[in-house]
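Please keep the sequence and the coordinates open while reading.

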Amino acid sequence: WSKYLNEAIELWGDDVEVLYNMHHWPVWGNDTVVNHLVLQRDLYRFINDQTLNLANQGYVPVEIAAMIQLPAVQQQTWSSRGYYGTLSHDVKATYDLYLGWFDGNPAHLDELPPVEASTKYVELMGGADAVLAAAQEAYDNGEYRWVAQLVNHVVFADPDNTDAKLLQAAALEQLGYQAESGPWRNFYLSGAEELRNGVDDSAGAGFRGGLEVLRVVQL
C-alpha cells in the first residue's frame, strides 16, 4: 500500500488539489495533500517493516503489538491516530499476512476449544468464586485488560454465572471508554451490553432479511 501511495505522489503530486479519503476528512491544497500522502505512505511502511523486523527476531503478534510505538511525527498527526484502525490491530494483521495465524509455538497448534479449556482453567484456579475474587481485586486496581482475560474463562465455563457476566461487562465497558478506536469501542461496549442484557436476536433476523432481499434482487 505504501508503494501505491508513493506512486500516486510521483504521478499526481505536482497537480493534486483535493483528496477524498475513505476514513478521513477530505484534504485540500497541494502542499497539504502531498504532506498527508507522505505521512500515510510512511505510516504503512513503518508498520510493515517494523512488524517483519520483530517477527524475524522471533517475537509473536501480541508481543510485537505491545513493542511497536509510532514515531513522534505520526503520533502528533491526526490522520495517523488510531481513531478507526489501531496500531495493535494492524501489526497483528501484517504478521498474519506474511506468516499466518501460527506463531511458531507448538502448544498453539491444536489448543482446546474455549469452553473446554476455560472449564479446566477455572477448576485449576480453585473455582469460579476464587477467580472472581481475584478479578474483582484487579478491577479495583484498574487492570481492566487482565480482568477481561481472566473473567472470560468463567463466562465460557459457566455462561449462566451472573456475577461473572456483570464483572466482565464492567471491565469491557471501562476498556470501551478508554479506546481511541471507534470500532474497538463499539466491540467493547456491545460486548458489555450483551453480557448484561443478552443478545438481541431481532438485529440478526433483520440482517438475514436484508440478505434475502439482496438474493431476490440479484436473481
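**From residues to the whole chain**

A65 counts as buried, at 15% relative accessibility; buried means under 20% relative accessible area, exposed over 50%, and partly exposed in between, with a 1.4 Å probe and protein chains only. This is a predicted model, in which local features need pLDDT of at least 70 and side-chain atom pairs count only at pLDDT 80 or more, while totals for chains, interfaces and linings use all residues. Residues are numbered from 1 along each chain as its sequence is written, and side-chain values use heavy atoms, with hydrogens and water left out.

A65 is found in helix α3, residues 61–67. Helices (H or I, at least four residues) and strands (E, at least two) are DSSP runs numbered from the N terminus. Not counting residues up to four places away in sequence, A65 touches S88, V91 and K92, where contact means heavy atoms within 4.5 Å. N152 is 87 residues from A65 in sequence, and their C-alpha atoms are 21 Å apart in space.

Q40 lies in helix α2, residues 30–55. Leaving aside neighbours within four places in sequence, the contacts of Q40 are L5, H24, S79 and S80. With S79 there is also a specific atom pair: the side chain of Q40 reaches the backbone oxygen of S79 at 3.2 Å. A polar contact is a pair of N or O atoms within 3.5 Å; within protein, one must be able to donate a hydrogen and the other to accept it, and residues adjacent in sequence count only if both atoms are side-chain atoms.

Next come two helices with buried faces. In helix α6, residues 114–124, the buried residues are A117, S118 and V122. Seen down the axis of α6, these buried residues fall within an arc of 130 degrees, so they line one face of the helix; the arc is that of the directions from the helix axis to the C-beta atoms. The face of α6 turned away from the buried side carries the exposed residues E123 and L124. The cover over the buried residues of α6 includes α7 and α8. After α6 comes G126, with a positive phi near 100 degrees.

Helix α7 comprises 13 residues, 128–140, which at 1.5 Å a residue should span 18 Å; the end C-alpha atoms are 18 Å apart, which agrees. The expected span is 1.5 Å times one less than the number of residues. V131, L132, A135, A138 and Y139 are buried in α7. Down the axis of α7, the buried residues fall within an arc of 120 degrees, so they line one face of the helix. That buried set packs against α8 (144–157) and α9 (162–178), whereas D129, E137 and D140 are exposed on the face turned away. G142 follows α7, and its phi is positive, near 80 degrees.

The protein as a whole has 11 helices and two strands. Its radius of gyration is 22 Å, whereas a compact globule of 219 residues would have one near 17 Å; the radius is taken over C-alpha atoms, and the globule rule is 2.2 Å times the number of residues to the power 0.38. The C-alpha atoms fill a box of roughly 65 × 50 × 35 Å along the principal axes. Of the 219 residues, 31% are buried.
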